[in-house]
Amino acid sequence: MDSKGFGGSEAIRAVLFAKGGLEEKNFVRYQVEKALEAFDFVRSVGSLSEITENYGGKLVFKEGARWPSIYHLRLLAFTKEWRSEPNKKLLIGAIRRLAEMSPIEYALVRHKAQLIAPASVFMDDFNSDMDKLDSKGWMMWFHRMELLARRVLQMKSLRSRDRLASYNQYSGNQERNLRRSSLVLTPLTGTLM
């Protein structure tokens, strides 16, 4: 998966070292570059159909396509050296593009005749309809948002916490709990609420 640009065992290894504060290792830096390349690729995609095809009744990524995985997002969340202004703009543009394309149909990676499930399962919906999320959907949404809020986009302002509550139309204690949250990130605007 690493060689195809989808984040595999080397990306996972880099994440573990980054969580341990060892981002200066060459292989970690290399995987950070690959993560940024995967997010950069997203910005050039007009639609998922441009980079996928049908193979044996399954949707698969075409040869040469790249796609960010949850490992890429984790790696960027736990490293700092990549955070130049151009790279931050790259990532924000990619997240916006993912939100525009959401929900993103699940696609597999083909290696010879084998179909492999990439770790993009958590990367399929950056613009969720909060009224329709089930337990699994909420778990995936919170996981993505936690990683985005964890230094990936380094938000500068805490705006309008009430927007999420009104957006979701929650009531009672749920609404009050959402208003108190400072880790909720709006994918389209890149602001914390």
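Author: Rings of Phe, Tyr and Trp, the last taken by its six-membered ring, pair if their centres lie within 6.5 Å. In this predicted model, the count by this rule comes to five aromatic pairs.

Reader: What makes the aromatic pair of Phe61 and Trp67 tilted?

Author: The centres of Phe61 and Trp67 are 5.9 Å apart, and the angle between the planes is 35°. Planes under 30 degrees apart count as stacked and those over 60 as edge-to-face, so the rest are tilted. The pair of Phe61 and Trp67 is therefore tilted. Phe61 and Trp67 are both buried.

Reader: Why is the pair of Trp138 and Trp141 called edge-to-face?

Author: The ring centres of Trp138 and Trp141 lie 5.7 Å apart, and the planes stand at 80°.

Reader: Where in the structure do Trp138 and Trp141 lie?

Author: Both Trp138 and Trp141 belong to helix α5, which covers residues 135–152. They are three residues apart, about one turn of the helix. Together with Phe142, Trp138 and Trp141 form one aromatic cluster.

Reader: How do you know whether Trp138 is buried or exposed?

Author: Its relative accessible area is 17%. Buried means under 20%, so Trp138 is buried. Trp141, with a relative accessible area of 3%, is therefore buried by this cut-off also.

Reader: What makes the charged end of Arg13 count as sitting over the ring of Phe27?

Author: The charged end of Arg13 is 3.8 Å from the centre of the Phe27 ring. The rule asks for a distance within 6 Å and a position within 35 degrees of the ring normal. Arg110 likewise lies over the face of Tyr55, at 4.2 Å from the ring centre.

Reader: How do helix α2 and helix α4 pack?

Author: Helix α2 (residues 26–43) and helix α4 (residues 85–101) pack at about 50°, and their axes are 8 Å apart. The crossing of α2 and α4 is left-handed. Among the residues that meet are Leu36 and Phe39 in α2, and Leu90 and Ile95 in α4.

Reader: Why does Lys112 count as exposed?

Author: The relative accessibility of Lys112 is 71%. Exposed means over 50%, so Lys112 counts as exposed. Lys112 lies in the loop between β3 and β4. Although Lys112 is not a glycine, it has a positive phi of about 60°. Most residues other than glycine have a negative phi.

Terms used. Residues are numbered from 1 along each chain as its sequence is written. This is a predicted model: local features need pLDDT of at least 70, side-chain atom pairs count only at pLDDT 80 or more; totals for chains, interfaces and linings use all residues. Side-chain values use heavy atoms; hydrogens and water are left out. Buried means under 20% relative accessible area, exposed over 50%, partly exposed in between (1.4 Å probe, protein chains only). Helices (H or I, at least four residues) and strands (E, at least two) are DSSP runs, numbered from the N terminus. Axes are lines fitted to C-alpha atoms, for helices over the stretch in contact, and angles run from 0 to 180 degrees between N-to-C directions. A crossing is left-handed if the near helix is turned anticlockwise from the far one by less than a right angle, and right-handed if clockwise. Contact means heavy atoms within 4.5 Å.
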